[in-house]
Amino acid sequence: MDSQCSGSASSRLTSKGLGSAGATPVSVRVESYEAGEKKCISDVRRTFCLFVTFDLLFVTLLWIIELNVNGGIQKQLEIEVLHYDYHASFFDIFLLAVFRFAVLILAYAVCKLRHWWAIAITTAASCAFLIAKVILSKLLSQGAFGYLLPIISFVLAWIETWLLDFKVLPQEAEDENRFQSIMDATDRAPLIGPGPLSDGQFYSPPESLADSDEELDDKHDPVKGLI
């Protein structure tokens, strides 16, 4: 689809005669936009996806540290995963980070959505779950990680929302509008091509008076003409 759009745009630019002096900057801007469109995702969207990945890895790292601090990873995994307790386990906060990662990468990296509904769902679900977790559970009595993991997860979810809503979607919309304005300008541009050849291009200088006088003498003097 993107290659078809790029090909049609290039053919429109060629047909509009972009060989004129003022067309060079326009063609350069269009080519740069088309080069960006050929990428899998835009640079700002790639940054957003990297931050979503960082969210998952950071929460996972904090959870592993919490497991190791509280008696060993293997023992704590049995307590928090196999014998899951909503009031005392951090495993659900890790699953919440996995949920955000899966939904956001699927929506904005694989499907390349240009709407905020997916991140609205993940942020609303994260906020509701974390607030209920803090109120109903006993995490705050379990040391620093009882404060750290819910707060970090809450903040990361809102940073993702800010990045998408104020960086990714506006930047991509601005690039698309700029490209569309360039294409509209080329559609309105007059056809500038080589015109018909003028008579001046076939102009030959008149013969000199001296040459014309000699030719007249040759015509009137046959003897001189034979010589």
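User: How many residues does α6 have, and what span does α6 reach from its first C-alpha to its last?
Analyst: This model is predicted, with local features needing pLDDT of at least 70 and side-chain atom pairs pLDDT 80 or more, while totals for chains, interfaces and linings use all residues. Residues are numbered from 1 along each chain as its sequence is written, and side-chain values use heavy atoms, leaving out hydrogens and water. Helices here are DSSP runs (H or I, at least four residues; strands are E, at least two), numbered from the N terminus. The expected span, 1.5 Å times one less than the number of residues, is 28 Å for α6, and the helix comes close to that, with 20 residues reaching 28 Å.

User: Which residues of α6 are buried, and what arc do they cover?
Analyst: Buried means under 20% relative accessible area, exposed over 50%, and partly exposed in between (1.4 Å probe, protein chains only). In α6 the buried set is A118, I119, T122, T123, S126, C127, L130 and K133. They sit on the same side of α6, because the directions from the helix axis to their C-beta atoms cover an arc of only 150°.

User: Which exposed residues does the opposite face of α6 carry?
Analyst: Look at the face turned away from the buried side of α6. The exposed residues there are I135 and L136.

User: Is R100 buried or exposed?
Analyst: You will find R100 in helix α5, which runs over residues 91-110. Its relative accessibility is 1%, so R100 counts as buried.

User: Which residues does R100 touch?
Analyst: A contact means heavy atoms within 4.5 Å. Leaving aside residues up to four places away in sequence, R100 touches V52, D55, V59, T122, S126, S153, A157 and E160.

User: What is the phi of K112?
Analyst: K112 lies in the loop between α5 and α6. At 36% relative accessibility, K112 counts as partly exposed. Its phi is positive, in a residue other than glycine, and lies near 55°.

User: How many helices and strands does the chain have?
Analyst: Reading along the sequence gives α-α-α-α-α-α-α-α-α. The totals are nine helices and zero strands.

User: What share of the chain is buried, and what share of contacts joins residues 24 or more positions apart?
Analyst: Of the 227 residues in the chain, 30% are buried. Among contacts with a separation of 6 or more, residues 24 or more positions apart account for 75%.
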